Amino acid sequence: MMLLRSSLFSLSMILSTVVTALGLILMAPLPFVWRSRFARGYAVYNVNMLKWLCGIDYEVEGRENIPDGSAIIFCKHQSTWETYALQVLLPPQCWVLKRELMWVPFFGWGMAMLRPISIDRSSGRKAVKQIIEQGIQRLKDGIWVVIFPEGTRVPPGVRKRWGVGGALLAAKSGAPVVPVAHNAGEFWGRGSFVKRPGTIRVVIGEPIQTEGLSASEINERGEAWMDETMARISSVPVTEEYDPAKHRK
């Protein structure tokens with residue numbers, strides 16, 4: 001039954017992605033906020049379909065921590081689920097993502113309409129400079145910037161060192177960092193077609209005020225909060241460090 005429900009959800013997700021991408025392309029001349037609202041409707045639809053078809057619900061702690069004005073989101077990355085949920089829970093946003101995603105038919109085309117910061121992760125300093133320059137502009141435009149500091153989806157029970165790009169953006173811009181933890185990977189893991197029913201726990205942390213902090217200090221505070229929070233909400237204890245050769249499969 002879980003296989004059937006997961007199959008129905010996947011079909012629904014694919015169809016909604018095609019429709020949304022075409023809609024966003026047609027909306028290209030319109031203001032960003034309109035396109036963002038349209039994309040949010042897509043995210044709401046898929047989060048609800050996941051609940052109705054696969055029995056995956058969620059609960060949120062810390063909504064009161066969402067600040068006024070633009071901010072940088074440092075989010076745990078375990079699943080596809082959070083890419084929908086962040087659009088539902090937080091203000092209009094853009095993402096820092098790998099350039100290859102922009103080549104994915106329909107998904108990438110639609111994403112291009114939402115002012116992402118697409119980077120070539122192999123370009124090193126050039127990618128970091130791009131994050132800082134474009135990120136500061138997005139923040140000035142009132143758009144939140146979503147960053148997955150781990151850089152890739154990491155399975156539950158595995159810890160991966162954070163990249164420095166997001167922390168440098170925070171240090172250079174002075175924008176607050178809002179950390180977001182969740183355990184979605186326990187229900188919809190990377191590479192897992194079958195979705196397991198249950199309730200995802202999401203925690204929105206108090207903003208980290210970055211004025212006067214170095215990038216390393218920002219990452220230290222963010223990682224400490226994330227480790228502590230994940231230990232509280234996850235049923236899978238951390239037992240190993242991330243191994244690219246093993247965990248990218």
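For the counts that follow, Ala, Val, Leu, Ile, Met, Phe, Trp, Tyr, Cys and Pro are taken as nonpolar, Asp, Glu, Lys and Arg as charged, and the others, Gly among them, as polar. The model examined in these exercises is a predicted one.

**Exercise 1. Determine which residues line the largest cavity, and how the lining divides by class.**

Step 1. A search of the whole structure finds 1 cavity of 30 Å³ or more, and the volume of the largest cavity is about 30 Å³.

Step 2. The lining of this cavity is made up of C75, W81, E82, A85, L86, L89, V180, H182 and V202.

Step 3. Sorted by class, the lining has 7 nonpolar, 1 polar and 1 charged residues.

Step 4. Both α3 (81–89) and β7 supply at least two residues of the lining, and the largest share, 5 residues, comes from α3.

**Exercise 2. Decide whether A184 is buried or exposed, and find its contacts beyond its sequence neighbours.**

Step 1. A184 is placed in the loop that runs between β7 (177–182) and β8 (198–204).

Step 2. Buried means under 20% relative accessible area, and because the relative accessibility of A184 is 0%, A184 counts as buried.

Step 3. A184 and P155, which are 29 residues apart in sequence, have their C-alpha atoms 9.8 Å apart in space.

**Exercise 3. Describe how helix α1 and helix α2 pack, and which classes of residue form their contact.**

Step 1. Two packed helices are described by the angle between their axes and the distance between the axes.

Step 2. For α1 (residues 2–26) and α2 (residues 32–54), the angle is about 170 degrees and the axes are 10 Å apart.

Step 3. Angles over 145 degrees count as roughly antiparallel, and α1 is therefore roughly antiparallel to α2.

Step 4. Residues of α1 including F9, M13 and L24 meet residues of α2 including F38, Y42 and W52, and the residues of the contact divide into 12 nonpolar, 7 polar and 2 charged.

**Exercise 4. Characterise the second largest pocket by its volume and lining.**

Step 1. The second largest pocket holds about 240 Å³ of space.

Step 2. Its lining has 18 residues, among which K76, V158, D227, M230 and V238 lie nearest the centre of the pocket.

Step 3. The elements giving two or more residues to this lining are β6 (158–159) and α7 (215–233), with the largest share, 5 residues, coming from α7.

Step 4. By class, the lining of this pocket has 9 nonpolar, 3 polar and 6 charged residues.

How values were computed. Residues numbered from 1 in each chain as written. Predicted model: local features only at pLDDT ≥ 70, side-chain atom pairs only at ≥ 80, totals over all residues. Heavy atoms only, no water. 1 Å grid on protein atoms, 1.4 Å probe; cavity = no way out; pocket = protein on both sides within 12 Å on 5 of 7 lines; lining within 4 Å. Points joined across faces, edges and corners; volume = space filled by probe spheres on them. Helix = DSSP H or I, 4+ residues; strand = E, 2+ residues; numbered from the N terminus. Buried < 20%, exposed > 50% of the residue type's maximum accessible area, 1.4 Å probe, protein only. Axes fitted to C-alpha atoms, helices over the stretch in contact; angles between N-to-C directions. Parallel < 35°, antiparallel > 145°, perpendicular 65-115°, else oblique. Contact = heavy atoms within 4.5 Å.
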